[in-house]
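We will walk through a few stops, one selection at a time.

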Amino acid sequence: MANPKRRFSKARTAKRRAQWKLTLPSINRCPHCHHVKMPHRICPNCGYYKGRQVVKVEAE
């Protein structure tokens, strides 16, 4: 079984792991109801996409 030739230093490992960071998902507001929604998706609140109703949302 292959083994690493040298041990990676703590600094090298930390530098590599410093490149990992979380990014916030982009959030848009629905132009019809101004509810927060993901871009390029049907609004879960009103069912509108690109100015027309695609899905009929039942009110509770």
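**Stops along the loops**

Strands here are DSSP runs of E with at least two residues, helices are runs of H or I with at least four, and both are numbered from the N terminus. This is a predicted model, where local features need pLDDT of at least 70, side-chain atom pairs count only at pLDDT 80 or more, and totals for chains, interfaces and linings use all residues. Residues are numbered from 1 along each chain as its sequence is written, and side-chain values use heavy atoms, with hydrogens and water left out.

Check the backbone of His40: phi is positive, about 65°, although His40 is not a glycine. Most residues other than glycine have a negative phi. His40 counts as exposed because its relative accessibility is 69% (exposed is over 50%, buried under 20%, partly exposed in between; 1.4 Å probe, protein chains only).

Now select Lys50, in the loop between β3 and β4 (52-53). Lys50 also has a positive phi, about 55°, and is not a glycine. At 72% relative accessibility, Lys50 counts as exposed.

Go to Gly47, in the loop between β2 and β3. Buried or exposed, at 1% relative accessibility? Gly47 counts as buried. Show its contacts (heavy atoms within 4.5 Å). Leaving aside neighbours within four places in sequence, they are Ile42, Arg52, Gln53, Val54, Val55 and Val57.

Finish on Ile42, in the loop between β2 (36-37) and β3 (48-49). With 36% relative accessibility, Ile42 counts as partly exposed.
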